[in-house]
Every structure is written in structure tokens, then in C-alpha cells.
Amino acid sequence: MQTAIPCTLMRGGTSKGPFFLATDLPTDRAARDAVLLSAMGSPDKRQIDGVGGADPLTSKVAVIGPSTRPDADVDYLFLQVVVDEPRVDDSQNCGNMLAGVGPFAIEQGLVKATGDITDVRIHMVNTATLAVAHVRTPGGVVEYDGDARIDGVPGTAAPIPIDFLDVAGSSCGALLPTGNVRDVIDGVDVTMIDNGMPVVILNVADFGITGQESPEAIEANAELCRRVESIRVQCGHLMKLGDVTNKTVPKMSLVCAPAHGGAIGTRTFIPKRVHKAIGVLGAVSVATAAVLRGSVAYDVAKLANDSSTQLLEVEHPTGFFTVEMEVEGSGANLTIQRSALLRTARKLMRGEIFVPARIWRKAA
């Protein structure tokens with residue numbers, strides 16, 4: 001016997017996973033996690049007995065429901081299902097999966113289409129912050145086809161611009177959790193920053209690499225990975241995240257001068273694998289560090305100008321990620337006025353996902 005759970009499989013940005021209505025999952029957290037581990041096929045590095053894609057980027061879940069706050073349309077809870085551990089992590093947002101929330105909410109009747117463009121105000125439950133996704137809805141129907149292209153995704157799709165309204169310090173309580181633009185951990189200069197995603201910025205030169213290595217080559221460097229993880233665990237406490245040994249934050253972004261005409265180059269740990277690209281909110285935090293005078297990122301970034309409005313191309317292993325920033329002030333007094341970016345999404349499949357009835361019975 002198996003239990004069927006309605007879901008929609010969607011690509012959001014450069015990530016992919018099932019989207020569920022909150023009412024279709026158990027309300028108890030432990031029970032919900034057991035169901036999702038079974039649905040995705042974890043723990044197993046191949047996730048062969050579930051719909052997970054055997055990679056952190058394709059082992060993600062979005063849970064959507066009516067908003068619990070008056071200034072938003074829907075609640076969005078992001079859950080990272082760890083591939084090879086029996087663990088579901090809710091300590092971070094995912095800005096890639098966020099791109100699918102607006103289309104899903106409209107198609108599920110949680111938000112009514114309002115014209116050619118429908119603005120969906122999204123309460124990101126993980127960090128209690130707001131984002132607005134601008135979804136194309138000609139004739140009241142979500143449009144997925146379009147000419148927008150994002151690196152890391154083949155082809156083109158309808159653009160989904162996203163504005164982040166209040167994400168600075170959303171996980172750590174401040175844009176600069178230690179109050180410093182730069183700190184020293186294990187003899188390495190670091191910048192700890194949180195503009196939607198807690199990130200530790202490090203210079204690749206301190207680790208004996210160029211920043212142009214492939215993710216696989218960096219992962220194969222055991223000593224480098226050991227050093228990065230040691231710094232990450234120490235920074236976790238300083239960033240008010242507690243013991244992060246078994247958490248997916250903070251991310252660790254090794255930065256370098258851009259090699260392909262962008263503003264800054266990156267290789268990002270998420271947190272123990274190296275991202276094939278870079279996460280949406282991780283890119284926002286890196287871009288913020290790049291305009292932060294005195295930061296590790298500022299040292300290597302190539303900025304077009306020093307104006308308060310910046311369009312930054314963040315280089316990653318498979319291309320570029322464009323972030324639009326509006327800031328005021330400088331150094332430790334920097335204030336974020338606006339962070340915005342462009343994503344795309346596509347509905348891949350709608351139907352039911354099955355878990356063994358014994359797991360659902362335990363959940364119930």
C-alpha cells in the first residue's frame with residue numbers, strides 16, 4: 001500500500017523539486033520530514049528510491065499556503081532535503097525555488113491573476129522576509145514561454161523579475177553579523193555578510209587556487225575543503241547561527257577578480273559541495289560584499305562606478321548571475337535600499353507522489 005500526495009514538479013531558476021500545498025503535508029515537523037525523505041529518496045547518494053536528483057540543487061522542496069501575515073499573498077517554506085543524510089534543513093531560503101512560487105500559487109488558486117503581469121507578494125517563512133515576484137499572466141494564464149535566458153539553464157523562458165524587500169540581516173540579525181566589514185579566522189581574512197543568505201567571503205589567493213577551477217577539482221582538494229569547513233563552523237557562532245556543523249548555512253564563497261568581464265568571480269560551497277553555479281540569495285550577498293568598501297570581495301571586484309545603483313554580474317562556474325543593487329552609505333554604515341534579480345521557472349509535471357503507507361500512517 002502507498003499513499004498519494006498531490007504535487008507539482010517545477011524548475012525554479014537553476015534548481016528543481018516538488019512543490020506542495022501545505023495542506024497536503026503533515027503538520028507535525030518530524031512527520032512531515034519523514035514523508036519528504038521518503039518522497040525524495042534520502043538518505044541515498046543516488047536517491048534511487050525517490051524523485052530527488054542526487055544533487056543538492058535537485059533535492060529541494062517548496063511548501064506553499066495562504067499567507068499568515070497581512071502584507072503577503074502566500075507563505076513559502078523552503079526545505080533542503082539532504083541527499084545522503086536522513087535530514088531536512090529549513091535554516092535558509094532558496095531564491096531559485098522562489099521563482100516557481102508565484103506561478104504555482106496562481107495556478108493553485110491562491111492568488112488571482114490581475115492582468116498581463118501579476119505581482120505575487122511572498123512571505124519567505126524561513127527568514128520571515130518578503131519578496132515580490134512579477135509573473136506574466138496574459139489572459140489570466142501563467143506564461144512559461146519567453147525569451148529570458150539565465151546561465152545554468154538551457155534555452156529561454158518567460159522572465160520572472162524578483163524584488164527582495166527586507167532581506168538584510170534576515171538570518172543573522174544584521175547585514176554585518178559581527179559589526180565588522182572584515183574579520184580574521186584561522187589567519188584568513190573573511191567578510192561575514194547576510195543580505196538574504198548568510199555568506200562568508202574569502203579570497204581564493206588564501207587557499208592557493210586561482211578561482212577558475214572546476215567545482216569537482218575544488219572538491220577533490222581535501223586540505224582546502226578542511227580549511228573552509230573549519231572557518232565555516234567558527235563563523236557560524238560569530239554570525240549568531242549557533243553550531244552549524246549540520247546546517248546548510250553559512251555558505252562559503254571564495255572570490256577572485258572576474259575573468260570574463262563581470263564584476264567578481266566566485267566558487268561557492270553550499271556548504272560542503274561546490275555549487276555548479278551560485279544560489280540566488282548567495283549571489284545577492286556576494287554582490288553586496290562587492291560594493292562594501294573594505295570587504296574581502298571589494299578587494300578583487302571590478303566595479304563600473306561608485307554610484308548608489310549598481311548592476312553587477314557575478315561570475316560562477318557556468319556563467320553569470322546579474323544582481324541589481326541600490327545602496328546608501330559605505331563600509332559598516334552601508335544600507336541596502338533594494339536588491340533585485342531575474343529568474344525563470346517552468347512547470348515540469350503535475351500529479352501525485354507516492355510514499356509507503358506505513359510512513360504516512362506514522363506521520364498521521
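Strands β3 and β4 (residues 74-81) run antiparallel and are joined by seven bridges; strands here are DSSP runs of type E with at least two residues, helices are H or I runs of at least four, and both are numbered from the N terminus. The model is a predicted one, in which local features need pLDDT of at least 70, side-chain atom pairs count only at pLDDT 80 or more, and totals for chains, interfaces and linings use all residues. Residues are numbered from 1 along each chain as its sequence is written, and side-chain values rest on heavy atoms, with hydrogens and water left out.

On another side of the pairing scheme, β3 meets strand β2 (residues 15-21) in the parallel sense over three bridges, where pairing requires that DSSP finds at least two bridges between the strands. The bridge partner of Phe-19 is Ala-62 in β3.

Ser-59 counts as buried because its relative accessibility is 0% (buried: under 20% relative accessible area; exposed: over 50%; partly exposed: in between; 1.4 Å probe, protein chains only). Among the residues that Ser-59 touches, leaving aside those up to four places away in sequence, are Lys-16, Met-40 and Leu-79; contact means heavy atoms within 4.5 Å.

Six of the seven residues of β3 are buried, and in helix α6 (residues 280-290) 11 of 11 residues are buried, including Val-280, Gly-282 and Thr-288.
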